[in-house]
Amino acid sequence: MPKVTQQHMDARREQILDAARRCFLRDGFHSTSMQDLFAEAGLSAGAVYRHFTSKDEMILAIVEENMRDVLDITLAVATNRQGQSMGAVMAELLDVIRVKSAEEDVAGLAVLVWGEAMRNRSLAGKLDDLMGGIRATLVTLVRDQQEQGALPTNVTAEAIASTMFSVLPGYILQVALLDPAVVAEVPDAVRALWPGPAGEH
């Protein structure tokens, strides 16, 4: 038998996750059966189980993929922070969410995941880890901005970062439920709210 390449395995895994996203968005997590997933992916049970042993594993994989770009951006900005205001950082995160939602309905999936996390402890733990990484990076960025005089110092960096972070789920919820035009100017608004030190625009 020919050897299965890693590229082929990765492509098959993505095929399964794409099918899972379509099923979950159409029918919800609980109404989607493994048989539904097999049919949507056009694969046998064995082919799917070779990559994922359960529906919960697929949900976790989708959550990780959806948040990877947000994590990558926050980490990239953290390693090259000079000249970036907090407003610019937040706007960039919102732009990524908007683009990925247009391509893959990331916002809709996020809302489903939040509801599922209320009853699924492993999923809640994964979300806590992912969001904790983003929040920690924001704290580092906020401290830099405080040192530059761009943000107030009479409030902790942790509190400011948590406040800024709370913009993300509100934006995601609106992207999922409302007309895109309603939130079209939100990235510009956060740039204006947190423009950086005086003279840095």
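Biologist: How many helices and strands does the protein have?

Modeller: There are 10 helices and zero strands. Keep in mind that this is a predicted model.

Biologist: What order do the elements run in from the N terminus?

Modeller: They go α-α-α-α-α-α-α-α-α-α.

Biologist: And what box do the C-alpha atoms fill?

Modeller: Along the principal axes, the box is roughly 65 × 40 × 30 Å.

Biologist: OK, packing next. At what angle do helix 4 and helix 5 cross?

Modeller: Roughly 155°, and their axes come within 10 Å. An angle over 145 degrees counts as roughly antiparallel. Helix 4 and helix 5 are therefore roughly antiparallel to each other.

Biologist: Is that crossing left-handed or right-handed?

Modeller: Helix 4 passes helix 5 in a right-handed crossing.

Biologist: Which residues make the contact?

Modeller: Helix 4 brings Glu65, Asn66, Asp69, Val70, Ile73, Thr74 and Val77. Helix 5 answers with Val89, Glu92, Leu93, Val96, Ile97, Lys100 and Glu104.

Biologist: How do the residues of that contact divide?

Modeller: Between helix 4 and helix 5, seven are nonpolar, two polar and five charged.

Biologist: Now helix 1. At what angle does helix 1 cross helix 4?

Modeller: Helix 1 covers residues 6–27. Its axis comes within 10 Å of the axis of helix 4, and the two cross at roughly 95°. That makes helix 1 roughly perpendicular to helix 4.

Biologist: Which residues touch there?

Modeller: From helix 1, look for Arg13, Glu14, Ile16, Leu17, Ala20, Arg21 and Phe24. From helix 4, look for Lys55, Met58, Ile59, Ala61, Ile62, Glu65 and Asn66. The contact of helix 1 with helix 4 has eight nonpolar, one polar and five charged residues.

Biologist: What about helix 5 and helix 9, how far apart are their axes?

Modeller: The axes are 11 Å apart, and the helices pack at an angle of about 30°. Angles under 35 degrees count as roughly parallel. Helix 5 and helix 9 are therefore roughly parallel to each other. Their crossing is right-handed.

Biologist: Which residues meet in that pair?

Modeller: On helix 5 they are Met90, Leu93, Leu94, Ile97, Arg98 and Ser101. On helix 9 they are Val167, Leu168, Tyr171, Ile172 and Val175. In the contact of helix 5 with helix 9, nine residues are nonpolar, one is polar and one is charged.

Biologist: Let's switch to empty space. How is that found?

Modeller: Rolling a probe the size of a water molecule over the atoms shows where empty space is left.

Biologist: What volume does the largest pocket have?

Modeller: About 440 Å³. Its lining has 23 residues.

Biologist: Which of those lie nearest its centre?

Modeller: Met67, Ala110, Trp114, Leu127 and Ile172.

Biologist: Which helix gives the most to the lining of the largest pocket?

Modeller: Helix 6, with six residues. Helix 4, helix 5, helix 6, helix 7 and helix 9 each supply at least two.

Biologist: How many of the lining residues are nonpolar?

Modeller: In the largest pocket, 20 are nonpolar, one is polar and two are charged.

Biologist: And how much space lies in the second largest pocket?

Modeller: About 150 Å³. Arg98, Ser101, Ala102, Tyr171, Val175, Leu178, Asp179, Pro180, Val183 and Ala184 line the second largest pocket. Helix 5 and helix 9 are the elements that give two or more residues to this lining.

Biologist: Which helix gives the most to the second largest pocket?

Modeller: Helix 5, with three residues. By class, the lining of this pocket has seven nonpolar, one polar and two charged residues.

Conventions:
Residues are numbered from 1 along each chain as its sequence is written. This is a predicted model: local features need pLDDT of at least 70, side-chain atom pairs count only at pLDDT 80 or more; totals for chains, interfaces and linings use all residues. Side-chain values use heavy atoms; hydrogens and water are left out. On a 1 Å grid over the protein atoms alone, a cavity is a set of points where a 1.4 Å probe fits but cannot get out, and a pocket is an open set with protein on both sides within 12 Å along at least five of seven lines; lining residues have an atom within 4 Å of a point. Grid points are joined across faces, edges and corners, and a volume is the space filled by probe spheres set on the points. Helices (H or I, at least four residues) and strands (E, at least two) are DSSP runs, numbered from the N terminus. Ala, Val, Leu, Ile, Met, Phe, Trp, Tyr, Cys and Pro count as nonpolar, Asp, Glu, Lys and Arg as charged, and the others, Gly among them, as polar. Axes are lines fitted to C-alpha atoms, for helices over the stretch in contact, and angles run from 0 to 180 degrees between N-to-C directions. Angles under 35 degrees count as roughly parallel, over 145 as roughly antiparallel, 65 to 115 as roughly perpendicular and the rest as oblique. A crossing is left-handed if the near helix is turned anticlockwise from the far one by less than a right angle, and right-handed if clockwise. Contact means heavy atoms within 4.5 Å.
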